[in-house]
Amino acid sequence: MKKRDYILTVFSENRVGLLNQICTVLICKNVNIETLTTSESALAGVHKFTIYVQSTPEEIDLIAKQIEKKVDIMKVFVYTPDEVVMQEIALFKVSRGKSIERIIREHSVRILEVGDDYMVLERTGHTEDTQALLKLLQPYGVQQFVRSGLVAVIKAENEGVSSYLEERLRQKLAEESAEAGK
Amino acid sequence: MTKEDNMMTGAQALMECMLAEGIDTIFGYPGGSILPVYNAMYDYRDRIHHVLVRHEQAAVHAAQGYARASGKVGVVVVTSGPGATNTVSGLADAMMDSTPLVLISGQVGSGSLGTDAFQEVNFVGITQAVTKWNIQIKRPEDLPAAFAKAFYVARSGRPGPVVIDFSKDAQTNSAPFHYEKNREHSILSYCPYPNIDMAKIDEAAALINLAKRPIAMIGQGVTLAGAEKELYNFLEKSGMPVASTLLGLSAIPSDHPQYVGMLGMHGNYGPNVKNKDYDLVVAIGMRFDDRVISNANTFACNAQVIHLDIDNAEISKLIYADVPVLGDAKETLPKITRRLQPRNHSEWIKEFRACDRIEMEAVIYPSIKPRTPYLRMAEVASAISEAYNHKAILVTDVGQHQMAAVRYFKYTSPRSVITSGGMGTMGFGVPAAIGAKISMPERDVILFVGDGGMQMNMQEMCTAMQENAHIRIVLLSNNYLGMVRQWQELFYDRRYSATPISNPDYEHIAAAYNFGFRRVERHDDLQAAIEEMKSYNGPFLLQACCEQEENIFPMVPAGASVTDVRLE
Ligand SMILES: Cc1ncc(C[n+]2csc(CCOP(=O)(O)OP(=O)(O)O)c2C)c(N)n1
Ligand SMILES: [Mg+2]
């Protein structure tokens, strides 16, 4: 079966070793992480991993379920690229020169810093965009290059995790008050 | 619940945590990094019994036997480094077979973590893949909540092993102690009991009501849920035949009129050979292990599948579930049963009885009443089951003797089979039997073990001696790693590479460990030997010297369709 691009968003408690737990599942399935970004989410105390992988529809569902099964993981969602707005950021350290300035003007590149003989450039976009720019710059000498993992927000109305958390908190409060009533 | 904030060391707090959870037996082995815990344990020795094993792997297997025989959580305490790493096989086994365990490992002082200190090992890292959850505790104040969570996680939902890695300074430092049990909803990220989807219940019932050739396939989930009664009611109303996985055995009595046998590679003929005839499979707390389905593309290929399980990750993992019913079987089963029309499938069940007769002729009868001079494993298992009125707890190791024992024992009450299923861990048997006997002293515990597996954890006979645990070890010796030899015979041209195995003189071994002993080689001596074992007041080793090149049949060759099950 042909592999497709998927974006996994994993919501978890913020605990040591969680990335390892997620990786354990991916390693078992022999799935390579193309990119990975972790940060806090919009919800207090909830951590978010955005993982870009290639997989098949059946396999990605199993992976999501097996990650979600981990005790510290709250929710896992699987998206295809058309369901999200996604960006990567790339930084380039290049030598200064006339031709480079032309490329900068034509390719909506931001200049972050200018030194005596170098410039640091920033470009956000999809992988193809930053890759294309890298190709263009290479003939003029790219001293350093780095591209971030993919970050994504989903187009749908809300992230499923907020309703999950609301429900869990409601259950928790109900349980505590039932206990107190005893 | 203790309310007063009394100060105590982390080590003492651990003992108080155990008491709060009702733990009265633990299995373990001391060492440097866990010394403070053992020191505290000394003051609790009248309330918490510590079973000293002879190898940490055995501590885990013993705790597994303890947990599986009783339904309680097994508890293990070991030291850091080698003590901890010795437990990994046991943890993996417990993870595969969903056994609730809490293992406390000592760890070097938190100041030395990450410095390659003496007996330091990254145990949280190592055990991540073989535990349901794990945590490292570096401060005594963090222990009670972590313990409550560990204990809850281990036994709730789909049970499994949990590790608490307890640094030495957290054991010696003091903090106020306050224990509160974990509640169902206190861990936000963990919902062990999913909400039941009533639409799926309706769909499942509708399919069952229409089915012409349905079969229920039960697994250990029934036992873990304590849903034996609910299963019984379901079977009575649906009238459908029921087959069991290896770990599901004993959830219903073997003589139940609808029971048609064991599934899997060495299961019974009927439930395998009729696989293509099923129009509906109702899987209850089982996970379609590859030893059961053999070939995922052909398994139950004409059937729809209803899958009742508490673990969402098992749904459609290997076999697509047309109707997934997520939840605890104890709750979901009665909901389905209520919606069923009473049915009678006796004509359908008769077809299995015809298969039983074929298996009886070809395999069973020649195995339990052999015409050859040598003892056969089936004959021994069948006679022993009978001698104990089919009421004993059967524990097994892994190999041919395991398959012979589980096939030829009969079961009359739940929790009567303790065997290593998912991992197939040789060496499981001796310690698991000791654990089972300690948790259920009033039941007879009979271990079946091969001459390979016996020597993988034979040192635990000494634990049985020290604990005065009256286990019965039935050693089926064939001077081969028999199950591997069988594969070499059938699939590798009889090239017996590294499978012949010689044995020590077990009479001497038994005497050394203060076990009663009897060796049998002839059919005629079997009954007397069994009687001697039965009446012996103490642990007993019965060595049955069996035919050396016996094969276990029926057999589904690996990867074949289960309908291609071979009788010879
Ligand atoms: C720890 C471990 N090592 C190796 C195996 C592979 N294995 C499975 S069955 C078996 C042979 C067991 O021999 P024995 O204990 O004599 O039992 P028999 O099959 O002869 O009854 C072996 C080596 C295993 N299951 N577990
Ligand atoms: Mg053997």
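The model is predicted: local features need pLDDT of at least 70, side-chain atom pairs count only at pLDDT 80 or more, and totals for chains, interfaces and linings use all residues. Residues are numbered from 1 along each chain as its sequence is written, chains are lettered from A and ligands numbered from 1 in the order in which they are written, and side-chain values use heavy atoms, without hydrogens and water.

Chain B holds 23 helices and 20 strands (DSSP runs, helices H or I of at least four residues, strands E of at least two, numbered from the N terminus). Its radius of gyration is 24 Å, close to the 24 Å from the globule rule for 568 residues, so chain B is as compact as a globular protein of that length. The radius is taken over C-alpha atoms, and the rule is 2.2 Å times the number of residues to the power 0.38. Buried residues make up 61% of the 568 (buried, under 20% relative accessible area; exposed, over 50%; partly exposed, in between; 1.4 Å probe, protein chains only).

R68(B) and D97(B) form one at 3.5 Å, N to O. R68(B) lies in helix α3 and D97(B) in the loop between α5 and β5, so the pair ties together parts 29 residues apart in sequence. R68(B) is buried at 6%, and D97(B) is buried at 2%.

E549(B) and R494(B) meet at 3.1 Å, N to O. This pair links distant parts of the chain, 55 residues apart. E549(B) is partly exposed at 33%, as is R494(B) at 49%.

Conventions. A salt bridge is a side-chain nitrogen of Lys or Arg within 4 Å of a carboxyl oxygen of Asp or Glu.
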